[in-house]
Amino acid sequence: MAKNNYRGKDAPGGTSGFVAIDETDGIGDGGSYSQPVSSGKQNRIQGNTMYLAAGPVCTCFTPVVNNSSVTAATGDRPWASIEWSSVGLWLIPMSRGFAGVRLGGIYNVMGNGTNLAGARLKVQLGPTSQFRDLPNTDNGGPQYKSIFPNPEDGDFTIEPITDDNGGFIPLFIWIQSRDDGPRSGATVEIFGRNWYVESRIPTTVFDNSTSGNPFSADSMETQYLRTTDATPFIGKRWDILHNVNGINNEAVTIYPADAASNDAFDAQMYYQSFVQFRGLFIKPIYQTRSIADLPQSALEGQLSFSGPIAQRQARATTRLFKRPRLLKVGPEGVLSLDANFERYSGVDYAYRWPFVDGDSGTITLIEDSVFLDAQDPIIHLEILAIATAHRQPLVNALIEGTGLKASWSAFQGLPFQANYDPENPGTGKATWTLELKVDLLDDVASPGVATWENSTTNLVEGANAPDEGIIQDVEMTLYSAAFEAREVYLRQQAFMEANDPGFTDYAFSYKEGQLWASDLGLVTRIPIEAKLDGFDEITDRPVRVRVDVNLNTDFSIQYPSAHLTDPEFLRFAIVGYTISQFAVEEK
Amino acid sequence: MSKTVPLTFSASSVQPQEYQAFDDVEVSDWTSLLQAQNFLWSRSGARCNGRVFNPPFQRNNTVYGQTGDGSQPYDLQVWYGSLHVQRRIDSNQYELAFTGYGRNIDVRVNVIRFNSDGTTTALTGFVASTSNSVDYEWFTNSFAYSEALLYSSGNVNSDLATIGVFIEARNQGSGTAVLFQFAVHETIGVAADLPAA
């Protein structure tokens, strides 16, 4: 059906569209006072207010990918988990009338088994959770398809907000893979401890190269385990987080980490669908009536009420200017080719979470291109971050100094390392320094300058346009990155650190970049903002918003005997952020 | 026809309690209200943001491609944006733009329509070019699309289509092509773009 009718939500722009009014047409006679304004003009102004109130803006999450062809999914790192795990964690600003978000974008879902399975999408907006199916896309035509061919399917709504400044609301996007059929012959026996499998799993690989077809049939990151034994019970499922390549090709670690017994039981490897996203756009939805609060009766031919009506329309327009605007969500991911993140060299796929280690000095973790749409705006970032301290790997601790390399079988039956309490993984405090800068490239630059930081950069005019940046120290709990941890994030970090020192295996966690619900307790919210006084001429050029992070010298660890206490083993990682603009002043 | 898009927002000069019932409105108050709305309109629209390349993306090849030649580890294929168009300009069109900063470079913006039947249609792309090979500068270009093109299968009676965008670049012929920063977005409107009806 046609959707570009006056109130149709799916017309570009959300309503009938904006119609400019001639400033000299029928409003004034050139004198000090107007002729009475026609109800038609007042209706048109009100229509424009409603159009603007509908929020005709959107921004886009652009995770790092490796291919621009719609017919190939090669090289785009997938999300896959048989339990719910995150795609994006964002805090987005609300104001009067905010009623949700419209999501859309481009995706691919496929699998290495039957390749018939789709996936599930959960959008958690504040207290509400809403679900959608993501059909398998490997059904002819281009590999990549629109997530919501019917745009309204991408609407996720809440009760409209009534405050002009409604704070921030969590927008958490989760995915869940679907079963894609058993892997032939891949039955295994699980035994030992509750967080790893030492068994006869077929030789597996992490498909770390972006050059091949997406994920060979052996790719462990697109498989999961399901029990076939009555112990603990049939059908229980685990995600696979890691396999210890180079030491024992048969050992993997699993999630959830159950409080399972040491009894052996049988399981089967299954394929699961995986999801790849390219652009994922976010458009706020507003209930226009609560913003442009003008009763229809005021517009129905009561010409002489034009003065009071104009007051209300002016108030609504100013309110729209002051409305916070979501400019950007991230992080988009980083490459190991990037000198700042080359620690895990050899992995072609992007890491989703930029990080800084305690000995790395200052690293730029956010560097974005955004437009500003108000004079003297406030740039506000809501950063979600996790800080960790790495523990001595258990086996490494046992054989430290012996020069021996241990098989994971050495773990079997051993207790947790002393002083580790899975109920309380926090183990110390560290202060991290964040510096926010906003700048604009100069249009009159010196030739031959090859780097950003030289004279090609002119900062935005004005006092706060921050040559020095906005500096903020944040004290954060350090959580133990440990194989024994119950939180996936802490286990991921332990795997990724395991080759340094001790294990020389391939240190990668398949699920890096995905959080599970139990990980949310580890996340620290860091708001940081800069007021750009002097940004008084809004340009048609994007500025750069940049956040640098480094470890302050101030940190403490509760159990230094169990932890690697060099700053090298402290880490700050960003797992989600948003950049918003607040226009608090008008001139 | 007199229409104005101011460069900054100014709240309408209409003051609270300025008018009582039966009062007409001063011309200047109406004008300021119209211009305030025009400003908000000009800054609306979909934005795919883009990227910052630090160090800059460089390319020596004079054929369009996405692979860089400098020390920048992120080639152009790492970025793929999507959007629903949001803001109509005059003549019932919607306009996408590229804005970048660099020198000696042509950037081609590829625009893909994702139809609701699972097919795709490559819409006409456009090229933005720096003016010379020596000085760094901001450069931009845009392309207007008729409304129907932005609906699934080019039919306004169908669903609004998801639009995908990606970029390629080439060296203009000598020296090194350089790109520091870019954004793909609906145009920032000017007075001539304001829809008249």
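Which side chains meet in a salt bridge at 2.6 Å, N to O? The side chain of Arg47(B) and that of Asp373(A) do so, a salt bridge being a side-chain nitrogen of Lys or Arg within 4 Å of a carboxyl oxygen of Asp or Glu. Between chain B and chain A the count is three salt bridges. The model is predicted, with local features requiring pLDDT of at least 70 and side-chain atom pairs pLDDT 80 or more, whereas totals for chains, interfaces and linings use all residues. Residues are numbered from 1 along each chain as its sequence is written, chains are lettered from A in the order in which they are written, and side-chain values use heavy atoms, with hydrogens and water left out.

Contact (heavy atoms within 4.5 Å) links 98 residues of chain B with 119 residues of chain A. The area buried between the two chains, defined as the accessible area (1.4 Å probe) that two parts lose on being put together, summed over both, is about 8,600 Å². Carbon and sulfur atoms give 58% of this area. Of the area that chain B buries against chain A, 9% is supplied by Trp30(B), Tyr80(B) and Trp138(B), more than by any other three residues.

Strand pairing also joins the chains. Strand 1 of chain A (residues 57–61) pairs with strand 1 of chain B (residues 45–46) in the parallel sense over two bridges; strands are DSSP runs (E, at least two residues), numbered from the N terminus, and two of them pair if DSSP finds at least two bridges between them. Within this arrangement, Val57(A) has Gly45(B) as its bridge partner.

How values were computed. Helix = DSSP H or I, 4+ residues; strand = E, 2+ residues; numbered from the N terminus.
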